[in-house]
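Hi,

Here is the structure I promised you. Have a look at it first, then read on for what turned up.

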Amino acid sequence: MKTNAQVVVIGGGVVGCSVLYHLTKLGWKDVVLVERRELTAGSTWHAAGGFHTLNSDTNMAALQGYTIKLYKELEEISGQSCGLHHVGGMTIATDSDRMDSLKAEVAKHRHMGLDTKLVTASEIQDLCPVINTDGIIGGMYDPLDGHLDPSGTTHAYAKAARLGGAEIYQQTMVKELNPRSDGTWDVVCDQGTIHAEHVVNAGGLWAREVGEMVGINLPLHAMEHQYLVTDDVKEVYEREVELPHVVDPAGESYFRQEGRGLVLGTYEQRCEPWSVDSTPWDFGSELLADKLDRITESLEMAYHRYPCLAEAGVKRVINGPFTFAPDGNPLVGPVPGLQGYWSACAVMAGFSQGGGVGLSLAEWMVEGEPSRDVFAMDVARFGTYCTKAYTRTTVIQNYQQRFSVPFPNDELPAGRPLKTTPAYGLWKAQNAVFGHGFGMEHVNYFAPEGEVPFETPTFRRSNAFPIVKEECRAVREAVGLNEVHNFGKFEVIGPGAIDWLDSIMAGRIPKEGRITLTPMLSPSGKLVGDFTMSRLGPERMQLTASYAAQAFHMRWFEDHMPESGVEVRNISDDRIGFQIAGPNARELLSRVTRADVSNETFKFLDVREIEVGMLTAIVCRVSYTGGLGYEIYVGREHQVALYEALVKAGADLGLRPFGMRAMMSLRLEKSFGAWMREYKPDYTAAETGLDRFINFQKEDFIGRDAAVIERDTPPSRQLVTMIVDADDADVVADEPIWRGDDVIGYVTSGGYAHYSEKSVALGFVPRELANQGEVFEIEILGDKRKAVIETTVLFDSDNKQLRG
């Protein structure tokens, strides 16, 4: 066994072997994999082996498509059969909501290059004659779906990795992971110690324990999962063509052919977490006891859907554990705060996602960043709020929701409320309807008195629509009140703070008392952040950005931190407060402070520390609503006092609280982008218009070379605003943009701009078509709707209110 290696991958399942192969494919040869038993001895060996492209995140779906297309390449390289069966697959719909979700998925796939299509009940019957189509109104067909041999595929990865120079040590158990002062690791195994620059946790069922070796709690948990394999079925073995996969979400089951019989698996509501406290190290090649009573309801629905099951005997029952994260996507990437420690775990769909996970992680390690945005599976999308109990609770929910309709406005209840601000009780008393992000509760809107505070999940306009309209009207015509806790906030201090920020931010550093907006770029010029910088002193800066990206951003700061002279503190939950926005906002602020807040003294993009009520507050003259507004920050212990002062002073000014639904409507009227919609690591500053904030006079900042290239040679696509001739459904994201018979772009986000009474879409189109009045069509739930580019913002187009 080697005593030194560039990378040690821990875990010999399909994911670990994929990571190992992709590292060699990208040129790293000094890489090893250690496995406590033999390859596949975890959850890999007993997997059902299905693969599919369906995923709510477009980049995850694309990576799943990459994984599926990779298998033939693996077979050619390794000479090892993966046992591929490309039989195609269908997801069936038995109600209009499910059909809406499938229409949205097929539309999304058009701009991704995936060849899915909608099918009728009769077409479903033709493709799968053993199905009972009672109640089926349609479905989605994907020709890429299929299944494979889990063991053969894992060994194909392993053999291809060995051919690329990797070494694999089986029957080698990791006992300790000890960091050295230079950021490298001693991987202490029962067969010896390997000194490594990088460690990859691909521990699968034991990923929690491999995390605990370095003092972290990874948010994942194993769930028991059962599927049945039948005896021979006449309707199956007499066919000349293999049956396609079928997912029946309403029946909580999936179905496929297995030789001369069938496989039937369920995601049942009466599910059970496995090995709650720790995973036994001696587990791996065995199954769990059958628990068919837990899936009785699912089996009854399946026997109705597939009548041939009634005559089929059960050959065997597979009950084995798989790991899940709270949202069902993997945990991948560099673990915040641990140099050289990487995660590749919670990959519950290993044969759909394993190739994409391996590729992305290898790119990240070898090239410094993945080739596409992978935030949907980034380990940093979760924070330290994910306790074991919270993780277990939300993983159970995710398992139960596996086949539920993924409504874009659905706010799932498990693990909530977890984090709240002092204002939570005030909002709850006013009948607030809450959403959440990164564990924190926020108000979506305020339900009328006497109504149940609940937004109906839907792909169309919900019961919140008329209420949000009135909240928007209050902001535009009087003054609205909204929390500012939903921003990620950092304070940067120290003698080197300003120079450091100048090197990692692409924009101009503000003078004391001023605010600037700036993108933060990766070396390749991709967006890493969209920040507001408020200069509070000569060596003190407040940064605000996305709340959900705070761990992602803190990791970036730590990775680029100088040895001394700079301190960065995450103050997201400590410095909170409210924003006031609307034409009466200045009058309201003047009533609660003795400071001069006139426009001559307190200009747009000014920041001041002043007394507000009885408190010292940081007040920024900026507002995401796009009109006159102020963000007022105080310590969390003072938030209620600030609220009382503002509400008392604003009683005769039309002050009304508003939530995030209204905020996201108002920002559309100014064509303001949102993080992870218009601004994310898939895009560049020049594509999104954020290049207008880049200070090209600076000679050195991260991403400058790439930004200069795009300045001199503009990119082929451009972000635009479109007015849509919508019906009862507005765009959400990822809808295709059509020009004639061709898909030429896609939507990044949108919705209804209530005050302007326009349905709005933001999206990318070819640069040569990004002109006022250009006409396109956007496919919304299967219907193509007219969309026209509008280059003038819908509200305050001359910025008189914003700056006045």
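Let's start with an open sheet: its 8 strands come in the order 5-6-4-13-14-15-12-16, and the pairing is mixed. (Strands are DSSP E runs of at least two residues, helices are H or I runs of at least four, both numbered from the N terminus; two strands pair if DSSP finds at least two bridges between them.) Strand 5 (117-119) and strand 16 (314-324) are at the edges with a single partner strand each, so one side of each has no neighbour in the sheet. On average, neighbouring strands are turned by 25 degrees against each other, direction ignored.

This is a predicted model, where local features need pLDDT of at least 70 and side-chain atom pairs count only at pLDDT 80 or more, while totals for chains, interfaces and linings use all residues. Residues are numbered from 1 along each chain as its sequence is written, and side-chain values use heavy atoms, leaving out hydrogens and water.

Now zoom in on one pair: strand 4 (residues 89-93) and strand 6 (residues 138-142) run antiparallel, joined by 5 bridges. In that pair, Gly 89 sits opposite Asp 142.

What packs on the sheet, touching strand 12, strand 15 and strand 16? That's helix 10 (residues 388-400), in contact (heavy atoms within 4.5 Å) with those strands. The direction of helix 10 makes about 25 degrees with that of strand 12, using axes fitted to C-alpha atoms, for helices over the stretch in contact, and angles from 0 to 180 degrees between N-to-C directions.

Happy exploring!
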